[in-house]
Amino acid sequence: MRLVLPGTLASRGMALGRARLVQPSRYAVDTRPLGEDEIEGELEHLHRALDTARQELRELRGKLHGALAREVNEFIDAHSLLLDDAELLRGLDDLVRIGHYRAGAALKKQRDRLAAVFEAMDDPYLRSRKEDIDQVIARVVSALQRQTSAEERKLAARVGEILVADTIAPADMAQLAGNGLLGVVTSSGSAYSHSAILARSLGLPMLVGARDALALLHDDDLILLDAEHGEAIVHPTAQDLARYRAWQREAVAEGRRLATLANAPTRTRDGVEIRLLANAETPADVALARTRGADGVGLYRTEFLFLRHKSLPSEDEQFIAYRDLVLGMGGLPVTIRTLDLGADKADAAGLVLRGEDNPALGVRGVRLSLRYPAVFSTQLRAILRAACYGPVRVLVPMVTQPDELIAVRTLFKLARADLKRESIDLPEKLPLGAMIEVPAAAINVRALLEHADFLAIGTNDLAQYVLAADRGNDALDNIYTPLQPALLRLLSHVIGAGRRARKPVSLCGEIGGDTGFTALLLALGLTEFSMHPSQLLQVRDRLAALDHAALRGHAARLLRATTHEQVAELLAQLEC
Ligand code: PEP
Ligand code: MG
């Protein structure tokens, strides 16, 4: 019988496929205590499963390329670290050796223990790490079950399937997407989670918060996932299927129409020119940025070079990566962001300070770079050398106050003088810009503009810091929304200050590439958008339908709104 499960739209699209359920915490809990003579065998069994889980993560890392690798590697790093965590491993061994637990039961016990510790934490960021523990232990349990029952690898082939789970880790989503998965329905989770962001960049339809999905669905049920309207239809009728076919035809036609926009100029309906830049890290991103007609690279995140290596990348290694990026853009400007390590972007080379109570508020971004001037200067030299091959701008992350920009400029001058002494011919001037992602930087932006040649607003972090809400924490959905009036006022303040100082201001957070926010950002005066290159055509298309002058005329009304619900209502009125 037809059944409709409502959920929250996390990534648009539709898909028709068979349900594949992943029940949470399906631990093979055999609670019979081990006999003394079984202990060594059980430990071996457990460690084989741990090795399999480590191996899976390594293989997964090797398979990912391009934007996907950029988005997923940090989660793989976090999960790999957990699998090697001495305390976790000792706890498991003790449960088997001393407590006579079987491997599955020991894993469940450790999971429950750690979950309780994380749940009791005040810090929402740390509390949200419980999800990582769940996902890592579930991976080991699944390896354990495969060994015992020789069960087929569940994750292997998902062709024609729609995954139904409580949550899904970004790494698993990346792997499944490469194996023909059609869509995802989760019973919890948030539209701002990293998995949701990944689903959007993969073009995979996703519905989150479909509360009863796991209880009501069965493996192999036919599902029409309608992530255009926020529902999953189980046992769809002939009418549902006709609607799906109509959507498919439209999607194909829309894809063809968008492709014709690749070489079109970016203008609003009333003819205002807008600059569209790409957030690009890999050669594949750069190629896509060129073919989709980006005006340049607005954000190149260099930390991914550092996260990939076990040791620090040398000046030459960095130079080659930056030079290839500059050459790849064929004379269009490229914005290279200096290292933004710290918080959840832990490095393998040991730069990040361990044991900070509050890493998201700790020594990250430029704060970290200025603590390691030798490492930072190596990066600045590599950037300067790459700038001989085309126009380069340098962007500094996590700026809080002017003295950080002054210090960066001083190090830059020293690096330049060194290179000149080595007879390397350098371009005269590289524009130096500040990321605006710390509330203090946004509020005091005029002071920063005295030292910055341009600004790039990082709304992912700015929203998180203004609202004191971790964007990965699905318990905070009602707070972490870019429509919050406090955030809009800050954006308007920063964009206006840049305009008055006649210095370019771009925006490179997730909302820059989300067509749901394009009208709002135009209304606030933004004229430079930076986004993943896969989003360029949709945003160009959206801009062509919007009237700049009319939207600017509504800015004051939007800025007077007092709640995010009110902003959403006003926006809905503007868009129709
Ligand atoms: C941001 O914070 O909005 C941003 C673009 O930087 P990142 O996502 O790398 O922190
Ligand atoms: Mg940021």
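**Figure 1. Parallel pairing of strands E4 and E5 in the predicted model.** Strand E4 (residues 161–165) and strand E5 (residues 183–186) run parallel and are joined by four bridges. Within this pair, Val164 stands opposite Val185 in E5. Strands (E, at least two residues) and helices (H or I, at least four) are DSSP runs numbered from the N terminus, and two strands pair if DSSP finds at least two bridges between them. The model is predicted: local features need pLDDT of at least 70, side-chain atom pairs count only at pLDDT 80 or more, and totals for chains, interfaces and linings use all residues. Residues are numbered from 1 along each chain as its sequence is written, chains are lettered from A and ligands numbered from 1 in the order in which they are written, and side-chain values use heavy atoms, with hydrogens and water left out.

**Figure 2. The open sheet of eight strands.** The strands follow the order E1-E8-E7-E3-E4-E5-E6-E2, with mixed pairing. Strand E1 (3–6) and strand E2 (8–11) are the edge strands, each pairing on one side only. From one strand to the next, the twist averages 30 degrees.

**Figure 3. Strand E7 and its two antiparallel partners.** Strand E3 (residues 14–22) pairs with E7 over five bridges in the antiparallel sense, and Gly17 stands opposite Ile223 in E7. E7 is also joined by four bridges to strand E8 (residues 231–234), again antiparallel, where Glu231 is the bridge partner of Asp226. Four residues separate E7 and E8 in a hairpin, and Gly230 in the turn has a positive phi of about 75 degrees. Because four of the five residues of E7 (residues 222–226) are buried, the strand is largely enclosed by the rest of the structure; buried means under 20% relative accessible area (1.4 Å probe, protein chains only).

**Figure 4. The magnesium ion (ligand 2) and its protein donors.** Glu437 (OE) and Asp461 (OD) coordinate the ion at 2.1 to 2.2 Å. Glu437 lies in the loop between strand E13 (432–436) and helix H17 (439–443) and Asp461 in helix H19 (residues 459–467), so the pair ties together parts that are 24 residues apart in sequence. Glu437 is buried at 2% relative accessibility, and Asp461 is buried with a relative accessible area of 12%. Donors are N, O and S atoms within 2.8 Å of the metal (3.2 Å for Na, K and Ca); water is not among the atoms, so the site may look incomplete.

**Figure 5. Residues meeting between helices H19 and H20.** Thr459, Leu462, Ala463 and Val466 in H19 meet Ala486, Leu487, Leu490 and Leu491 in H20, where contact means heavy atoms within 4.5 Å.

Conventions: Buried means under 20% relative accessible area, exposed over 50%, partly exposed in between (1.4 Å probe, protein chains only). Axes are lines fitted to C-alpha atoms, for helices over the stretch in contact, and angles run from 0 to 180 degrees between N-to-C directions.
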